[in-house]
Amino acid sequence: MTITRTFEYAPGAPPDDFEYEDDPVHGEVMQLNMGPQHPATHGVLRLLVELDGEIIRRTEPDVGYLHRGKEKSCESLGWAKFFPHTDRLDYVQPLMNNIGYALALEKLAGIDVPERGQVVRVLLMEISRIAAHLIYLGTTGIDLGAVTMFFNTFKEREKIYSILDAYTGHRMNNTYVRIGGVYADVDEGVEALLREFLVQFPEQIDEFESLLTSNRIWYDRNRDVGVLTADEAMAWSLTGPNLRGSGVDHDLRKAEPYSGYETYDFEVPVGTIGDCYDRYLVRVEEMRQSTRIALQALTRLAETRGGEVLAEDRRYVLPPRDRVQSSMEELIFQFKIVTDLRLPAGRAYHGIESSKGELGFFVASDGSSKPLRCHIRAPGLMNVQAIPLLAEGRLFSDMVAIIGSLDFVMGEVDR
Amino acid sequence: MVIVKRKELSFWERLYLPEVVRGLSVTMRAIFRRKITRQYPEEPLATNEVTRGQPRLAVNEDDTIRCVSCGLCEIACPAYAITIDGQETDRFIEREPERFDIDMLRCILCGFCEEACPKDAIFMSEELELADFSREALVYDIEKLKRPISALQRRSDYVYKLNDRWHSSSSTS
Ligand code: SF4
Ligand code: SF4
């Protein structure tokens with residue numbers, strides 16, 4: 001598969017009157033392996049790059065170095081036991097993956113999540129989105145020489161992780177979502193921590209922006225680099241900020257609302273040209289919007305205090321602990337759900353707007369305690385596919401900016 | 001939908017030098033900010049009942065183990081970390097584990113065992129550190145897993161609080 005693409009003058013690319021014949025290395029194609037241990041490939045992505053001097057003639061991403069057979073694990077483990085595995089897909093936003101999987105199962109089983117459970121989920125998703133975008137900013141920043149960004153964003157992310165630690169008991173790999181809602185309610189202490197974080201966070205975004213948006217190095221290395229037109233983005237089924245950066249207004253939170261997103265007040269940022277700079281701007285704006293949604297969710301938490309966070313459904317949800325101790329029937333339900341949780345036969349797909357794009361879970365059931373098929377539509381895989389499209393014909397140093405701006409996590413790509 | 005604003009650099013920003021000075025001033029300010037790095041091994045992490053550390057088995061005040069080797073935690077464990085063999089006992093609970101191993105190298109601290117246990121016998125403790133020189137030493141057997149209930153009571157109360165749901169409905173019995 002070769003993709004050839006002509007491009008207009010871009011900063012850093014050789015000028016029009018550049019004579020290749022004068023170039024001593026012209027014509028000599030050098031093959032270079034970038035990765036799988038290259039720090040700028042954000043995980044274990046291997047890129048086979050054919051270079052003509054500094055120009056990338058051809059590149060081929062090679063995925064699969066982190067393949068752990070997640071889909072197959074789901075089919076052999078059973079419905080509920082797959083939750084910890086979803087954490088490890090896109091490991092910078094574990095709760096988001098949990099929720100995506102739970103939503104697919106709930107669609108299949110026809111379970112309604114109580115209102116407070118949905119509010120908590122929205123809150124967790126937006127917090128995860130912020131954490132994931134912070135990783136994007138930090139790692140792309142350090143790849144392009146803005147080392148300060150790395151420390152500043154990780155400082156903020158650390159605050160989020162401390163809050164999640166206070167809520168779930170873990171910093172990463174939280175596994176706190178269950179079929180029918182979330183495992184635990186957000187108590188007032190955690191609520192206060194979240195509010196404190198969210199109130200000061202816009203200020204921090206301003207600081208990040210003041211360090212990058214008009215920074216000449218950041219500007220020159222991102223602007224007009226890796227231009228992705230809207231048609232190309234759609235043809236390569238890119239979703240999320242990468243698609244919106246190219247000017248397509250598509251956000252699953254608006255297009256196919258789930259978990260009550262239609263009742264929240266927020267805007268979807270879109271870019272105009274679709275270069276790395278646009279994708280950066282879209283993500284920064286998305287963090288602001290996420291903060292807005294999360295604050296609204298916090299207000300609703302205060303309104304729905306005392307509500308249930310787990311649906312009352314004895315087929316899928318473990319009964320209350322004290323009743324297990326005192327009631328024979330509840331004990332039987334406990335045994336039944338742990339040993340043999342069955343979902344009705346059928347198939348369901350649910351996609352959510354994760355920080356990388358549309359994260360979808362397709363599950364098929366034959367009515368037994370193990371899924372017939374579980375497929376994960378990982379947005380990162382599509383993002384990786386766009387690398388040759390954006391990088392071919394460009395300077396090699398642009399590769400790092402392009403990889404960073406496409407923002408994928410290999411745990412999810414290889415799964 | 002909002003369209004993000006692409007900024008054009010001003011002349012001063014293009015010049016770069018004033019920006020270097022501005023950047024350095026940010027660095028200078030950061031030097032005097034409060035330090036946030038934690039010196040981990042010297043400064044131990046604060047743990048509380050929310051912490052999901054390694055699972056431990058609860059032992060009653062009279063030194064009897066609570067576990068009845070029902071095997072629910074073994075089934076619930078997504079990492080296949082638990083191995084149980086049961087045996088008869090003269091105590092009222094009739095069964096107890098003869099062998100109860102948790103492979104700490106497999107355990108992912110998910111807490112499913114704690115959630116599944118109907119006898120309040122296994123809890124996520126506040127113990128976090130895990131290091132040894134061999135793999136075998138990290139397969140914890142029943143003796144290594146036993147903890148007096150007093151050490152786990154805080155977590156037990158917390159788990160009850162978490163799993164206190166469905167107030168509007170009555171018990172099915
Ligand atoms: S915490 Fe999870 S992985 Fe560890 S023993 Fe319990 S169920 Fe298994
Ligand atoms: S679920 Fe509880 S009682 Fe049953 S085997 Fe495990 S620890 Fe023992």
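1. In this note, Ala, Val, Leu, Ile, Met, Phe, Trp, Tyr, Cys and Pro count as nonpolar, Asp, Glu, Lys and Arg as charged, and the others, Gly among them, as polar. On that basis, the shell around ligand 1 consists of 13 nonpolar residues and one polar residue, with no charged residue. The model under discussion is a predicted one.

2. Ligand 1 is surrounded by 14 residues, and those that approach closest are B:C77, B:C107, B:C110, B:F112 and B:C113.

3. Around ligand 2 there are 13 residues, of which B:C67, B:C70, B:L72, B:C73 and B:C117 come nearest. Sorted by class, this shell holds ten nonpolar, two polar and one charged residues.

4. The contact between the two chains draws 37 residues from chain B and 46 residues from chain A. On the side of chain B, at least two residues each are supplied by β1 (2–3), α1 (11–15), α2 (17–31), α3 (72–76), α4 (112–116) and α6 (149–162). The residues on this side comprise 22 nonpolar, six polar and nine charged.

5. Strand pairing also links the two chains. Strand β6 of chain A (residues 269–270) pairs with β1(B) in the parallel sense, over two bridges. Within this pairing, A:P269 has B:V2 of β1(B) as its bridge partner.

6. Within chain A, helix α3 (residues 94–109) and helix α4 (residues 115–143) have axes that come within 8 Å and cross at roughly 135°. The two helices, α3(A) and α4(A), are therefore oblique to each other, and their crossing is left-handed. From α3(A), the contact involves A:L95, A:M96 and A:I99, while α4(A) contributes A:R121, A:L124, A:M125, A:S128 and A:R129. By class, the residues of this contact are five nonpolar, one polar and two charged.

7. Chain A also contains an open sheet of three strands in the order β7-β8-β9, with antiparallel pairing. Its edge strands are β7 (346–353) and β9 (373–377), each of which pairs on one side only. From one strand to the next, the twist averages 10°.

8. In that sheet, β7(A) and β8 of chain A (residues 358–365) pair in the antiparallel sense over eight bridges. A:H350 stands opposite A:F361, a residue of β8(A). Helix α3(A) lies across β7 and β8 of chain A and runs at about 145° to β7(A).

Technical notes
Residues numbered from 1 in each chain as written. Chains lettered and ligands numbered in written order. Predicted model: local features only at pLDDT ≥ 70, side-chain atom pairs only at ≥ 80, totals over all residues. Near = placed C-beta within 6 Å. Axes fitted to C-alpha atoms, helices over the stretch in contact; angles between N-to-C directions. Helix = DSSP H or I, 4+ residues; strand = E, 2+ residues; numbered from the N terminus. Parallel < 35°, antiparallel > 145°, perpendicular 65-115°, else oblique. Left-handed = near helix turned anticlockwise from the far one by under 90°. Contact = placed C-beta atoms within 7 Å. Pairing = 2+ DSSP bridges.
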